[in-house]
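Please read them with the sequence and the structure open beside you.

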Amino acid sequence: MDSINIKKLAKELNISTSTVSRAFNGNTDINKDTKERILAYAKQHNYLPNHYASNLRDKKTNTLAVIVPEIANDFFSQAINGIEEVARKKGFYILLYRTDDVFEKEVSFVNYLNNGKADGIIMSVSGESSDHNYMRQLEKKHVPVVFFDRVYEDIDAPKVTTNDYDASFSATEHLIKTGCKKIAYLVVNKSISIGKVRMQGYQNALAKHKIPFDDNLVIDCSNDEKVNYKILKKVLQEIKPDGIFSSVERLAFATYYVCNDLGISIPNDLKVISFSSLRVAPLLAPALSTVTQPAYEMGVKAATLLFEALENNGNGVAKKEHVLKSKLYLRTSSFGS
């Protein structure tokens, strides 16, 4: 058989196309032996049913799109696990799109999905522009959106975040209480909402303890590891902070690499704390102090809100803002003489 579809499969097995469809959809009103025979034949011929086609009549895809800046980051991988768990129980698939923090990619993905490729979208934004008209087109097509972690404040959609201000304030204050007077704040994108909120927590903690804010200690980094290494090497050699508060996990790793190469002792010479959901943070040398977000729970909440919107025919959900609490784990990297 050159190619196979549901009609050909049904003909070969001498059964109806509706029986074949029910077998693939997991319906219980089909004989077990018949179902196993259908699935075995399909596997033998490498046939994977196109669930999009079976849903064209009601214009549903049983698919959720998840748009994130990166996947390697433990936070996003855990959040995706939470989303997938909820979607799977609802009989939905997920399509994953990675923007690499490139705004043009985000716009391209959203425009593509606006043409009926997914029933709803869960996203953590890139945030490189103030023009979000492409997002408003989704509302016109009745495609529900839920933001998590990184959000667009000007878009009216459910948002799942954490108490970033309080967490940043507490992390900075911890460094101050351990004796730090010159704390560098590492950030990738100050323009997005989460970057602004975390930086405000940092600034207010300094103000509370009467430590002057120094803009030179706000270190703009990038998504390029080699570039970040050069930036941080210069900072540690020339500015010489005694504390590092990293708003992004990978910048803490970059700090570790640079300190190792320069012979800077953590925590004796430099104390470090970072936002991070890395499960092996306690195993690093030294163990990394972290602000850990409930990533999996955020994914579950975001997916639950999206299904609530879908079940409400895209008319929104009752509560738009959901704030979960992060935890501060103090370890060796932020203690010491």
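1. I begin with a salt bridge between Arg136 and Asp154, whose closest N and O atoms are 3.1 Å apart; the term is used here for a side-chain nitrogen of Lys or Arg within 4 Å of a carboxyl oxygen of Asp or Glu. The pair links distant parts of the chain, 18 residues apart, with Arg136 in helix H6 (residues 133-140) and Asp154 in the loop between strand S4 (145-148) and strand S5 (159-162). Arg136 counts as partly exposed because its relative accessibility is 33%, and Asp154 is likewise partly exposed, with a relative accessible area of 39%. For these words the cut-offs are under 20% relative accessible area for buried, over 50% for exposed, and partly exposed in between (1.4 Å probe, protein chains only).

2. A word on the basis of these values: this is a predicted model, in which local features need pLDDT of at least 70 and side-chain atom pairs count only at pLDDT 80 or more, while totals for chains, interfaces and linings use all residues. Residues are numbered from 1 along each chain as its sequence is written, and side-chain values use heavy atoms, with hydrogens and water left out.

3. As to the overall picture, the protein has 11 helices and 12 strands, where helices (H or I, at least four residues) and strands (E, at least two) are DSSP runs numbered from the N terminus. The C-alpha trace spans about 80 × 40 × 30 Å along its principal axes, and buried residues make up 49% of the 337 residues. Among contacts between residues at least 6 apart in sequence, 70% join residues at least 24 apart, a contact being heavy atoms within 4.5 Å.

4. The domain assignment gives domain 1 (6-57), domain 2 (62-162 + 295-325) and domain 3 (164-293); such bounds come from an automatic or database domain assignment. The centres of domain 2 and domain 3, taken over C-alpha atoms, are separated by 28 Å, and their contact takes 17 residues from domain 2 and 14 residues from domain 3.

5. How much area is buried between domain 2 and domain 3? The value is about 1300 Å², of which carbon and sulfur atoms give 38%; buried area is the accessible area (1.4 Å probe) that two parts lose on being put together, summed over both. Within domain 2, the residues that lose the most area to domain 3 are Asp74, Gln78 and Thr162, together 33% of what that side buries.

6. Between these two domains the count is 1 salt bridge, and there are 6 residue pairs in polar contact, both at pLDDT 80 or more. A polar contact is a pair of N or O atoms within 3.5 Å; within protein, one must be able to donate a hydrogen and the other to accept it, and residues adjacent in sequence count only if both atoms are side-chain atoms. On the side of domain 2 that touches domain 3, helix H4 (74-89) and helix H11 (295-311) each supply at least two residues, and H4 gives the most, with 3 residues. The residues of that side divide into 4 nonpolar, 5 polar and 8 charged; Ala, Val, Leu, Ile, Met, Phe, Trp, Tyr, Cys and Pro count as nonpolar, Asp, Glu, Lys and Arg as charged, and the others, Gly among them, as polar.

7. Where in the chain do the partners Glu70 and Arg250 lie? The salt bridge between them has its closest N and O atoms 2.6 Å apart, and it links distant parts of the chain, 180 residues apart, with Glu70 in the loop between S1 and H4 and Arg250 in helix H10 (residues 249-262). Glu70 counts as buried because its relative accessibility is 18%. Leaving aside residues up to four places away in sequence, Glu70 touches Phe76, Arg98 and Arg250.

8. The search of the whole structure finds 11 salt bridges. One of them joins the side chains of Glu173 and Lys208 (2.8 Å, N to O), linking helix H7 (residues 164-177) with helix H8 (residues 193-208) across 35 residues; Glu173 counts as buried, at 12% relative accessibility. Glu85, Arg88 and Lys89 are linked in a network of salt bridges.

9. Finally, please look at Ser334, in the segment after strand S12 (327-329), which is buried with a relative accessible area of 0%. The side chain of Ser334 makes a polar contact of 2.7 Å with the side chain of His174, and the residues that Ser334 touches, not counting those up to four places away in sequence, include Leu175, Thr178, Pro267 and Ser289.
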